[in-house]
Amino acid sequence: MMRLTMLLTAVLGLSVGQEPGALVREQPLARTWFVVVSGVSGEKRFADSFAQWGTLLVNAAGARFGIPDSMTYYLAEDSTRDARRIRGRSSKATIEATLQRIVATAREGDRLFVVLLGHGSAQGQEVRFNLPGPDMTPGDFARILGPSLATIAFINTASASGDFVKALSGPRRVVITATRSAREQNETFFPGHFVRALTSDAGDTDKDGRVSLLEAFTFARREVEKRFESSGLLATEHPLLDDDGDGTGHADAGDKGPDGRLARSMHLAPLGGAALAADPRAAPLVAKRSAIEARIDALRGRRTEMTEDAYQKALEPLLVELAETTRAIRALEPRKP
């Protein structure tokens, strides 16, 4: 009887004791905000690089990630450089006002991605992200984002960014930095590789058609390591990821933890691509798939408390359910010419 129940659960996509459709109705569709901030450049070559990465990210936000223009914010040092994409100057006041509006609107289950491109610096104990006008400290961002109910991914690709981990860490947070401390103040190579991973298929290591934050981080970290190894130079940047809320980042974040589990479940691109995301038939299925993934993550978190046999018996129906739901989603994907 139990076996039959499990099979029905797998095939119908329901939890034991749950009414048909209940799972779907209980999962409100998540909204995603995407904020790209390009700081002060100092030199033309940096200005060009920051503009190139910002443009790639904003273009991908609409075409690849399916995020509406109204929920995409690109703030840059020179707001006249690309009037079609840049929505304002990257001053402290504009950044604070933008993030405060989003935080006030976001509800639990929503997602906010913040990507910083630029330079960082440290004076004594104080670390800063450099902006035209007053800079912003980790404490500034922590204060603004603190009340948010949304799940937040905060990515600081600048030099001297390591100290942002401790300040921004918390529940439902992924914090990624290009360096492990404020002492690493040289130009960083991490942002170019990270942007490439997010905006192309380069970082899609599991070949599921989209790139998770963990995949993008791992790809960029390894590319940075290769660059220093091939040049024979001493590494001047060591990227970190923290997503368990303990304020300590790890370079080797992965499925086994302690960091990496939340980042593995966070993707900017929707399953099936932006075209499928616009299909109203796909929305409840995508929400259902996210719920199943959350249940699998929760089960993995309890693995050490279970016998291996009990863990596998609990995992099997969830994987079948996930496969059935994924198959239903992919059946809606537009056929390629």
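The exercises below, each with a worked solution, concern a predicted model.

**Exercise 1. A second aromatic pair**

Task: Classify the pair of Phe189 and Phe228, then decide whether each residue is buried or partly exposed.

Solution: 
- Step 1. The ring centres of Phe189 and Phe228 are 5.8 Å apart, with 65° between the planes.
- Step 2. An angle over 60 degrees counts as edge-to-face, and the pair of Phe189 and Phe228 is edge-to-face.
- Step 3. Phe189 sits in the loop between strand S8 (173-177) and helix H7 (190-199), while Phe228 is in helix H8 (residues 213-231). The two are 39 residues apart, and the pair links distant parts of the chain.
- Step 4. Buried means under 20% relative accessible area. Phe189 has 22% relative accessibility, so Phe189 counts as partly exposed.
- Step 5. Phe228 has 7% relative accessibility and therefore counts as buried.

**Exercise 2. The buried face of helix H5**

Task: List the buried residues of H5 and describe where they fall around the helix axis.

Solution: 
- Step 1. Pro138, Asp140, Phe141, Ile144 and Leu145 are the buried residues of H5.
- Step 2. Looking down the axis of H5, these buried residues fall within an arc of 160°, so they line one face of the helix.
- Step 3. The cover over the buried residues of H5 includes helix H4 (92-105), S4, strand S6 (126-129), S7, H6 and S8.
- Step 4. Asp140 also takes part in a network of salt bridges together with Lys92, Glu96 and Arg143.

**Exercise 3. How enclosed is helix H7?**

Task: Count the buried residues of H7 and name what they pack against.

Solution: 
- Step 1. The buried residues in H7 are Phe190, Pro191, His193, Phe194, Val195, Ala197, Leu198 and Thr199.
- Step 2. That makes eight of the 10 residues of H7, so the helix is largely enclosed by the rest of the structure.
- Step 3. The buried residues of H7 pack against helix H3 (44-63), strand S4 (111-117), strand S7 (151-156), S8 and H8.

**Exercise 4. Salt bridges within a helix and between distant parts**

Task: For the pairs Asp48 with Lys44, Arg221 with Glu225, and Arg45 with Glu187, state where the partners lie.

Solution: 
- Step 1. A search of the whole structure gives 17 salt bridges.
- Step 2. In the bridge of Asp48 with Lys44, the closest N and O atoms are 2.7 Å apart. Because Asp48 and Lys44 are four residues apart in helix H3, about one helical turn separates them.
- Step 3. Asp48 is partly exposed at 28% relative accessibility, whereas Lys44 is exposed at 63%.
- Step 4. Arg221 and Glu225 meet in a salt bridge of 2.9 Å, N to O. These two are four residues apart in helix H8, so about one helical turn separates them as well.
- Step 5. Arg221 is buried at 12% relative accessibility, and Glu225 is partly exposed at 34%.
- Step 6. Arg45 and Glu187 form a salt bridge of 3.5 Å, N to O. Arg45 is in helix H3 and Glu187 in the loop between S8 and H7, 142 residues apart.
- Step 7. Arg45 is partly exposed at 46% relative accessible area, and Glu187 is partly exposed at 35%.

**Exercise 5. Arginines over rings**

Task: Which rings have Arg45 and Arg87 over their faces?

Solution: 
- Step 1. Arg45 lies over the face of Phe46, at 4.1 Å from the ring centre.
- Step 2. Phe46 forms one aromatic cluster with Phe50 and Trp53.
- Step 3. Arg87 lies over the face of Tyr73, at 4.0 Å from the ring centre.

Notes. Residues are numbered from 1 along each chain as its sequence is written. This is a predicted model: local features need pLDDT of at least 70, side-chain atom pairs count only at pLDDT 80 or more; totals for chains, interfaces and linings use all residues. Side-chain values use heavy atoms; hydrogens and water are left out. Rings of Phe, Tyr and Trp (its six-membered ring) pair if their centres lie within 6.5 Å; planes under 30 degrees apart count as stacked, over 60 as edge-to-face and the rest as tilted. Buried means under 20% relative accessible area, exposed over 50%, partly exposed in between (1.4 Å probe, protein chains only). A charge sits over a ring if NZ of Lys or CZ of Arg is within 6 Å of the ring centre and within 35 degrees of the ring normal. Contact means heavy atoms within 4.5 Å. A salt bridge is a side-chain nitrogen of Lys or Arg within 4 Å of a carboxyl oxygen of Asp or Glu. The arc is that of the directions from the helix axis to the C-beta atoms.
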